[in-house]
Amino acid sequence: MTSLDELAVLKTLDPATDADPRSPRAQATLRQILATPAQQPTRRPKRWLPRVALGTGLVAAATAAALILPSALGGDRAFATWTATPTGLTGSARADASNACREASTSGSPEYGGQLAAATTAIAERRGVWTLVVLADQAGFGALCITDQSRHLFADQFGAIGTTPAADLPTARELTPVTLGTGSINGRNLSVATGLAGKDVSAVSYTSRTHGKVTATVSAGQFALWVPGDELLDANRTGVPVTVTYRDGATATIKLKL
């Protein structure tokens with residue numbers, strides 16, 4: 001076998017032809033290179049993407065489109081104003097919130113323009129500076145908007161839109177979730193559960209592991225609640241229990257799941 005002098009061969013490729021590979025300096029450099037541990041690949045941080053389930057909860061029931069319209073300005077401080085029990089919007093505030101939701105939904109999903117024009121306001125609630133609006137009709141169409149009202153010029157908005165087929169409409173004592181999961185506004189998470197409520201359902205509540213009892217708004221055959229954070233991240237797949245109160249005073253636990 002022919003012995004190969006690697007250093008001599010390497011030297012022929014070196015433009016600094018005067019360098020001596022056997023010199024103390026060259027040998028020291030070689031030892032330093034060989035003693036240096038191989039660099040491990042750097043793990044790149046994962047980029048969080050909005051949970052599709054939240055935007056497409058309505059997709060589970062029918063065709064739908066999600067609209068997420070982040071503003072150019074941050075709205076993080078608005079989360080501190082969130083409340084577990086909503087207050088209803090009335091008068092001009094209700095009309096303004098509904099018009100804003102209709103306009104944003106039409107802009108984001110123009111194919112639903114006709115249904116949005118005919119839909120009425122089923123839910124218009126406030127939790128701190130946030131408003132939640134559900135526009136709906138009697139045929140299963142619905143549009144959801146959750147808006148950070150602290151930014152008047154560039155309101156942060158989160159929403160979904162679609163139609164639930166007749167076969168999935170709830171019976172008198174059932175809930176049909178249409179939006180369930182976690183999404184984000186400006187990198188801050190919101191966990192949302194909305195849907196259709198049977199005519200015998202008078203109240204819905206959810207026990208949050210971080211926020212305690214959260215009261216849903218139940219109105220015009222719809223229910224809606226949301227909490228800051230990602231605790232409903234997998235709810236569309238694993239389900240989430242809610243407490244339902246019926247008009248006869250009875251209560252039951254129902255698991256929402258898409």
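This is a predicted model: local features need pLDDT of at least 70, side-chain atom pairs count only at pLDDT 80 or more; totals for chains, interfaces and linings use all residues.
View 1. Residues are numbered from 1 along each chain as its sequence is written, and side-chain values use heavy atoms, with hydrogens and water left out. The pLDDT (the predictor's confidence in each residue, from 0 to 100) averages 79 over the chain, and 69% of the residues reach at least 70.

**View 2. Strand 5, residues 141–148, wrapped up on both faces.** Helices (H or I, at least four residues) and strands (E, at least two) are DSSP runs, numbered from the N terminus. Eight of the eight residues here are buried (under 20% relative accessible area, 1.4 Å probe, protein chains only; exposed is over 50%, partly exposed in between), so strand 5 is largely enclosed by the rest of the structure. Phe141, Ala143, Cys145 and Thr147 sit on one side, with Gly142, Leu144, Ile146 and Asp148 on the other.

**View 3. The partners of strand 5: strand 4 and strand 6.** Two strands pair if DSSP finds at least two bridges between them. Strand 4 (residues 130–136) joins strand 5 through seven antiparallel bridges, and Val133 faces Cys145 across that pair. Four residues separate these two strands in their hairpin, where Gly140 has a positive phi near 105 degrees. Strand 6 (residues 156–163) makes eight bridges with strand 5, also antiparallel, and there Phe141 stands opposite Thr163.

**View 4. An open sheet of four strands, in the order 7-8-12-11.** The pairing is antiparallel. Strand 7 (175–185) and strand 11 (217–219) take the edges with a single partner each, so one side of each has no neighbour in the sheet. Strand 11 pairs with strand 12 (residues 222–228) over three bridges, and Thr217 sits across from Ala224.

**View 5. The largest nonpolar core, with 38 residues.** Such a core is a set of buried Ala, Val, Leu, Ile, Met, Phe, Trp, Tyr and Cys residues joined through side-chain atoms within 4.5 Å. Ile146, Leu175, Trp226 and Leu256 touch the most other members. Strand 12 gives the most to this core, five residues. A second, separate core has 13 residues, among them Tyr112 and Val133.
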